[in-house]
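This report covers a helix crossing, a set of aromatic rings and one backbone angle. The sequence and structure come first.

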Amino acid sequence: MLPLVAGLVVFIGVHSVRIVADGWRSAAIARLGEGAWKGLYSLASAVGLALIVWGYGMTRADGVFLWAPPLWTRHVTTLLTIPAFILIAAAYVPRNHIKAALGHPMLLGVKTWALAHLLSNGRLGDVVLFGAFLAWAVADFASARRRDRAAGTRYPAGTLAGDAGTLAAGLAAWAAFAVYLHAWLIGVRPFG
């Protein structure tokens with residue numbers, strides 16, 4: 001469990017700098033330069049992610065069960081991950097109505113993904129992993145919306161082409177992950 005917690009502290013900590021120390025972040029970028037900042041940020045994120053993967057694998061092998069979720073929650077999780085993938089795609093596909101309306105769809109996608117997985121997983125390692133991501137995404141979304149309001153940020157208007165691209169990218173990524181990658185990377189078949 002220690003590597004999982006350490007990885008979450010590093011990964012989520014790096015991704016929370018803007019929430020808790022936005023002024024320090026701006027000063028560090030000015031001092032180091034944007035390229036160096038992004039390099040250090042990426043390196044710390046990669047280390048945190050590696051620790052999360054390693055630590056989560058350890059918790060799966062030595063699982064402590066808190067509850068046994070009903071079988072139907074697996075189906076709910078599978079369904080909820082569809083909008084999660086679409087929301088994450090909306091963060092990257094230009095000029096879509098989802099980003100125009102929500103501003104930070106990736107964070108909403110992470111919240112949906114984490115909540116979906118909390119519903120269908122009752123091990124302590126699952127609660128720690130998905131609960132940490134859910135709590136972080138809630139805090140980061142609130143912080144990002146406050147920054148947007150303070151700065152008067154407006155996102156570009158969406159187009160039908162942007163919406164179609166978002167749906168296509170999100171559904172394709174969901175299908176690839178659900179059908180192939182989840183079993184290969186995680187060891188669990190969503191449809192198995």
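## Aromatic rings and a helix crossing

Tryptophan 113 counts as partly exposed because its relative accessibility is 26%; buried means under 20% relative accessible area, exposed over 50%, and partly exposed in between (1.4 Å probe, protein chains only). The model is predicted: local features need pLDDT of at least 70, side-chain atom pairs count only at pLDDT 80 or more, and totals for chains, interfaces and linings use all residues. Residues are numbered from 1 along each chain as its sequence is written, and side-chain values use heavy atoms, with hydrogens and water left out.

Phenylalanine 133 is buried, at a relative accessible area of 11%. Phenylalanine 11 is buried as well. Rings of Phe, Tyr and Trp (its six-membered ring) pair if their centres lie within 6.5 Å; planes under 30 degrees apart count as stacked, over 60 as edge-to-face and the rest as tilted. By this rule there are 7 aromatic pairs. Two that involve phenylalanine 133 are tabulated.

| Pair | Centre to centre | Angle of planes | Class |
|---|---|---|---|
| Phenylalanine 11 and phenylalanine 133 | 5.9 Å | 55° | tilted |
| Tryptophan 113 and phenylalanine 133 | 5.7 Å | 80° | edge-to-face |

Both pairs link distant parts of the chain. Phenylalanine 11 lies in helix α1 (residues 2-15) and phenylalanine 133 in helix α8 (residues 124-151), 122 residues apart. Tryptophan 113, in helix α7 (residues 105-120), is 20 residues from phenylalanine 133. Helices are DSSP runs (H or I, at least four residues), numbered from the N terminus. One aromatic cluster is formed by Phe11, Tyr56, Trp113, Phe130 and Phe133.

How do helices α5 and α9 cross? The axes of α5 (residues 72-90) and α9 (residues 160-186) come within 8 Å and cross at roughly 130°. Axes are lines fitted to C-alpha atoms over the stretch in contact, and angles run from 0 to 180 degrees between N-to-C directions. The angle makes α5 oblique to α9; under 35 degrees counts as roughly parallel, over 145 as roughly antiparallel, 65 to 115 as roughly perpendicular and the rest as oblique.

The contact (heavy atoms within 4.5 Å) includes Thr78, Ile82 and Phe85 of α5 and Leu167, Gly170 and Trp174 of α9. By class, the contact of α5 with α9 has 11 nonpolar, 4 polar and no charged residues. Ala, Val, Leu, Ile, Met, Phe, Trp, Tyr, Cys and Pro count as nonpolar, Asp, Glu, Lys and Arg as charged, and the others, Gly among them, as polar.

Arginine 95 sits in the loop between α5 and α6 (97-102). Arginine 95 has a positive phi of about 50° although it is not a glycine. With a relative accessible area of 45%, arginine 95 is partly exposed.

Conventions:
Helices (H or I, at least four residues) and strands (E, at least two) are DSSP runs, numbered from the N terminus.
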